[in-house]
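Here is a protein to look through by question and answer. Take the overall figures first, then the details.

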Amino acid sequence: MGGLSMGQAFVQAPEHRTKPTLADADGIPVIDLSPLAAGDEAGVDALAAEVGRASRDWGFFVVVRHGVPAETVARALEAQRAFFALPAERKAAVRRDEAAPLGYYESEHTKNVRDWKEVFDFVPREPPPPAAVADGELVFENKWPEDLPGFRVAFEEYAKAMEELAFKLLELIARSLGLTPDRLNGFFKDHQTTFIRLNHYPPCPSPDLALGVGRHKDAGALTVLYQDDVGGLDVRHRSDGEWVRVRPVPDSYVINVGDIIQVWSNDRYESAEHRVSVNSDKERFSMPYFFNPGSDAMVEPLEEMVSDERPARYDAYNWGHFFSTRKNSNFKKLDVENVQIAHFRKLHL
């Protein structure tokens with residue numbers, strides 16, 4: 001990471017540091033998606049019920065037999081490793097900044113503490129460039145490394161496979177809430193803010209003090225995560241508040257419900273708090289796909305989820321503004337807490 005050394009910026013408050021030993025999260029459901037390919041309607045309904053239970057009880061689940069070709073994943077992993085193996089100055093050639101938040105970055109903050117990682121972000125669907133950029137407006141233009149010719153091709157192929165899987169999962173979540181399968185699809189038709197992040201967590205000299213990513217909840221709709229076999233993803237168990245480790249399962253994806261699903265469901269489902277621990281021996285790689293709606297989407301509890309007995313628990317908010325505010329906070333420490341869905345919770349509830 002360009003000669004990165006352990007400093008005070010990385011040090012977590014004592015209550016947020018990783019314990020020396022952490023129990024495995026044995027209860028996180030592992031869900032076989034093969035009934036989707038079989039077209040078995042009864043099997044799909046049972047699958048949706050499984051997804052619903054996992055979203056309610058954990059906010060996390062693991063999917064296997066998901067239909068993403070193994071060769072597509074292998075090409076993406078090879079390209080990811082090749083990029084992070086580049087010298088620091090070549091990675092810096094595609095470095096992101098506040099106005100253009102795509103590309104390479106090694107100084108990200110979560111909850112105002114610097115993360116022990118380096119990342120590369122890109123969007124599967126580049127929006128058309130604006131005729132004029134307003135003050136504070138973000139420009140989402142991909143910065144591809146020119147000296148890795150196979151990199152862009154590998155990740156364009158991977159992004160298509162991710163979108164296909166994400167829509168399958170979105171339809172299962174809709175079914176699980178008693179909605180028509182395509183009820184949520186329209187939010188993702190235009191101006192998607194979906195992005196893919198490549199994470200590299202180098203060995204850390206003080207894994208007892210730092211985190212790869214500090215505790216947080218994902219602001220979007222769904223996160224579809226590929227992680228290698230090193231392990232380090234921790235989730236806070238809702239029932240007792242304890243942190244547990246999500247053990248890597250070969251050829252799987254870890255799915256977590258984001259804040260938008262929590263709001264749409266009117267708190268029937270809840271996004272889970274999670275973090276990434278690091279170690280002193282092995283580097284770790286992961287690839288999260290953040291499935292996000294269009295920038296013009298207004299996020300609020302769906303009308304089907306609201307009744308006299310269960311009134312709306314959130315006021316509506318504009319996703320594009322929310323997303324831009326969160327993105328900006330990744331660059332620096334803030335004097336105030338970053339925007340959260342809790343800020344839109346109705347006060348009378």
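Q: What share of the 349 residues in the protein is buried?
A: The model is a predicted one. A residue counts as buried when its relative accessible area is under 20%. Of the 349 residues in the protein, the buried share is 52%.

Q: How many helices and how many strands are there in the protein?
A: The elements are DSSP runs, numbered from the N terminus. Counted this way, the protein has seven helices and 16 strands.

Q: Among contacts between residues at least 6 apart in sequence, what percentage joins residues at least 24 apart?
A: A contact here means heavy atoms within 4.5 Å. Among the contacts in the protein between residues at least 6 apart in sequence, those joining residues at least 24 apart make up 79%.

Q: Is α2 roughly parallel or roughly perpendicular to α5?
A: Two packed helices are described by the angle between their axes and the distance between the axes. Helix α2 (residues 41–57) and helix α5 (residues 149–176) have axes 8 Å apart and pack at an angle of about 85°. Angles of 65 to 115 degrees count as roughly perpendicular. Therefore α2 is, relative to α5, roughly perpendicular.

Q: How do the residues of the contact of α2 with α5 divide into nonpolar, polar and charged?
A: On the α2 side the contact is made by Glu41, Val44, Asp45, Leu47, Ala48, Val51 and Gly52, and on the α5 side by Leu172, Ile173, Arg175 and Ser176. Gly counts as polar in this grouping. The residues of the contact divide into six nonpolar, two polar and three charged.

Q: How far apart are the C-alpha atoms of leucine 222 and leucine 169?
A: Leucine 222 is in strand β9 (residues 222–227), and with a relative accessible area of 1% it is buried. Leaving aside neighbours within four places in sequence, its contacts include Ala166, Leu169, Leu170 and Ile173, as well as Tyr289, Phe290 and Phe291. Leucine 222 and leucine 169 are 53 residues apart along the chain, yet their C-alpha atoms are separated by 8.5 Å.

Q: Which residue in β13 does aspartate 234 stand opposite?
A: Strand β10 (residues 233–236) pairs with strand β13 (residues 274–276) in the antiparallel sense, over three bridges. In β13, the residue opposite aspartate 234 is arginine 275.

Q: Is asparagine 266 buried or exposed?
A: Asparagine 266 lies in the loop between α6 (259–264) and β13. Its phi is positive, about 55°, although it is not a glycine. Because its relative accessibility is 0%, asparagine 266 counts as buried.

Q: What is the phi of aspartate 267?
A: Aspartate 267 also has its place in the loop between α6 and β13. It is buried, with a relative accessible area of 17%. Although aspartate 267 is not a glycine, its phi is positive, at about 75°.

Notes: Residues numbered from 1 in each chain as written. Predicted model: local features only at pLDDT ≥ 70, side-chain atom pairs only at ≥ 80, totals over all residues. Heavy atoms only, no water. Pairing = 2+ DSSP bridges. Helix = DSSP H or I, 4+ residues; strand = E, 2+ residues; numbered from the N terminus. Buried < 20%, exposed > 50% of the residue type's maximum accessible area, 1.4 Å probe, protein only. Axes fitted to C-alpha atoms, helices over the stretch in contact; angles between N-to-C directions. Parallel < 35°, antiparallel > 145°, perpendicular 65-115°, else oblique.
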